[in-house]
Amino acid sequence: MVKLEEHKHSTENKAIERMPLPDKVYVPLSQHIGKACSPEAKIGDTVLTGQKIGSAQTHVFAPVHSSISGKVISVQEWPHPLLGRAAAVVIENDKLNKLVSPQVTRPQEEIDRLSADEIRRAVFEAGVVGMGGASFPTHIKLTPPEPVDTLIINGAECEPYLNCDNRLMIERTKEIIAGIALIARCVAAKNIYIAIEENKLEAIKNFRAQEGGLTIKVIGSAYPQGGEKQLIKNILKREVPSGKLPFAVGVVVHNVATVYAIYEAVYLGKPLYERVVTVTGDCLENPSNLLVRIGTP
């Protein structure tokens, strides 16, 4: 672990803002580990916000959804942050933001009746993937191949400039706790921890006020504390063998942004078509934490 100079002061106290919708989005058909999706929308089609526009015939993938309503004007190769270039569906915004289905919070009693398989199905249909960096399809991670006894929620966010997960923990505490309960039901974990770095005082305070059956682990602020193997060793003193996944030592780890996306998928029926990002640096007049539609150029 190394202690990096932190630059979180520019955005740590700034509430999440919704970024205005762009004139066009370039929605990648590869947003996950696994096989890239094939387009399910063709040039000239009118699509709605949250409409599925990409799918694949394989086990390891997550469906892709439109992040705005409008007309498909192209399906083309486009710059991709990991692959260099990848196929993307280009959609022109009609400025109406029509949703494919209403997003109304389901009653808690209805949520309580859901089976683990129904939760996994909702997460799959919403296209939720790991949002801490790995982009592993979340519905698969909710189906451990072997028994697990511990669930760790990763709120470390050790990168020196980022505050997007921090702001989610501060502003969406109850929703994250509801998402944690859904995960725990799927993986049957007896022990649940949320790891929060010591520099996130407001997030720690909020979770302590809501704690319930959740154990809060306040950890040192160091890099790469947010790596799941490092987190497991820090909290449980278990070492994941080289080439193995946390399942091998009875653990599953989910990032807090993923947990929030799981909450939205199950409670609201909302696909993953936007996420919070921190846009910061000395070159900016107004560093911010922004809720941005996927595919925004």
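How many helices and strands are there in the protein? This predicted model contains eight helices and 14 strands, where helices (H or I, at least four residues) and strands (E, at least two) are DSSP runs numbered from the N terminus. The radius of gyration is 19 Å, close to the 19 Å that the globule rule gives for 297 residues, so the protein is as compact as a globular protein of that length. That radius is taken over C-alpha atoms, and the rule is 2.2 Å times the number of residues to the power 0.38.

**Basis of the model**
- Residues are numbered from 1 along each chain as its sequence is written, and side-chain values use heavy atoms, leaving out hydrogens and water.
- Because the model is predicted, local features need pLDDT of at least 70 and side-chain atom pairs count only at pLDDT 80 or more, while totals for chains, interfaces and linings use all residues.

**Overall form**
- The C-alpha atoms fill a box of roughly 55 × 45 × 40 Å along the principal axes.
- Buried residues make up 50% of the 297 residues; buried means under 20% relative accessible area with a 1.4 Å probe, protein chains only.

**Nonpolar cores**
- A nonpolar core is a set of buried Ala, Val, Leu, Ile, Met, Phe, Trp, Tyr and Cys residues joined through side-chain atoms within 4.5 Å.
- The largest has 52 residues, and Leu151, Ile176, Ile194 and Val266 have the most contacts inside it, a contact being heavy atoms within 4.5 Å.
- Helix H8 (256-268) is among the elements supplying at least two residues of this core, and H8 gives the largest share, 10 residues.
- A second, separate core of 15 residues includes Val25, Leu29, Phe61 and Ile91.
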